[in-house]
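Subject: Structure handover

Hi,

Here is the structure I promised to pass on. Please have a look before you read my notes.

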Amino acid sequence: MYEGNPGPEFPGVSMSESFLGVPATSEWLFAAFVGASVAAAWIGIVAGAAGGLILIGLLAMVYPPSVFVPIHTFVQLGNGAGRTAMMWRYVLRGTLLPFGIGAVIGAAAGAKIFVALPTAILQGLLGVFMLLVTWMPNMGRVGSEGRRFGVLGFVATFVGVFVSATGVLVAPFVASASPDRRNHVSTLAALMTLVHVCKLAAFSVLGFAMWPYAPLIVAMIAGALAGNWLGGITLDRMKERDFRLIFKLVLTALALRLVWVAAKSQGWV
């Protein structure tokens with residue numbers, strides 16, 4: 001059964017608390033996660049990435065991986081689907097089919113190779129890769145678009161079953177293919193929606209018990225939709241140059257953090 005008991009106790013939260021039946025979740029913590037979902041969705045639009053990474057970092061403070069990864073996936077699916085519907089006319093639709101095929105294969109492939117890699121080494125490799133694609137945009141245009149996004153769909157879903165927030169891996173490639181910030185935001189949302197659908201199929205096979213967390217998931221999805229609406233308003237008022245700069249700075253900071261964590265865990269710094 002793909003489920004787990006609550007993780008280490010969060011300050012001020014009794015693990016016996018169960019607001020609306022959600023295990024290890026008080027009223028204030030429930031409200032805090034909904035508010036975080038609003039903020040993360042807004043950041044995800046304005047910065048072009050990182051919203052999901054912030055959200056999973058907060059969820060990980062309370063729940064074990066067997067719980068927070070599926071919760072995050074459900075919430076990000078609702079978030080991405082809403083954002084895609086809101087901005088459908090801007091989606092680069094030629095990327096969807098090859099990416100979707102790759103995502104299905106990636107979900108089916110499982111973790112046999114992935115789990116053999118030490119987490120720190122994987123984080124370091126992802127960080128370096130993100131830096132290269134962000135600051136050397138031609139790397140994000142290697143090969144035909146169909147082949148490129150097919151491989152990307154496989155990798156993002158394969159890795160995402162275990163680390164969940166892989167939007168930062170997909171984002172640089174979407175940035176390279178997008179002529180406009182709205183293309184970037186909408187296409188990234190559409191592609192990550194495909195990833196989350198495939199991941200949820202994998203979780204259902206693994207037997208994750210979702211129902212105890214359903215009230216929190218639904219409330220966080222509602223918060224994410226509100227964040228999308230606010231983010232859309234902000235995005236329309238932004239200049240393209242400012243969006244691109246913010247995106248690069250945010251992704252660079254995240255990549256450098258991954259490299260630092262990896263180096264520290266190996267005793268290199």
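My notes follow, from the whole chain down to single residues.

This is a predicted model, in which local features need pLDDT of at least 70, side-chain atom pairs count only at pLDDT 80 or more, and totals for chains, interfaces and linings use all residues. Residues are numbered from 1 along each chain as its sequence is written, and side-chain values use heavy atoms, with hydrogens and water left out.

Overall picture. The protein chain has 10 helices and 0 strands. Helices (H or I, at least four residues) and strands (E, at least two) are DSSP runs, numbered from the N terminus. Of the 269 residues, 51% count as buried. Buried means under 20% relative accessible area, exposed over 50%, partly exposed in between (1.4 Å probe, protein chains only). Contacts are heavy atoms within 4.5 Å. Among those with a separation of 6 or more, 79% link residues 24 or more positions apart. The chain exposes about 12100 Å², and carbon and sulfur atoms supply 71% of that. Accessible areas come from the Shrake-Rupley method with a 1.4 Å probe; for residues, only the protein chains shown count as cover.

Threonine 25. This residue sits in the segment before helix H1 (27-46). Threonine 25 counts as buried because its relative accessibility is 0%. Its side chain makes a polar contact with the side chain of tyrosine 63, at 2.5 Å. A polar contact is a pair of N or O atoms within 3.5 Å; within protein, one must be able to donate a hydrogen and the other to accept it, and residues adjacent in sequence count only if both atoms are side-chain atoms. Neighbours within four places in sequence aside, threonine 25 touches Glu17, Ser18, Phe19, Phe30 and Tyr63.

Helix H2 (residues 51-59). Its buried residues are Gly51, Gly52, Leu55, Ile56 and Leu59. They line one face of the helix, because they fall within an arc of 125 degrees seen down the axis of H2. The arc is that of the directions from the helix axis to the C-beta atoms.

Helix H6 (residues 145-163). Valine 159 lies here. With 7% relative accessibility, valine 159 counts as buried. Valine 159 and leucine 169 are 10 residues apart in sequence and 9.9 Å apart in space, C-alpha to C-alpha.

Tryptophan 42. Helix H1 holds this residue. Tryptophan 42 counts as partly exposed, because its relative accessibility is 36%.

Best wishes
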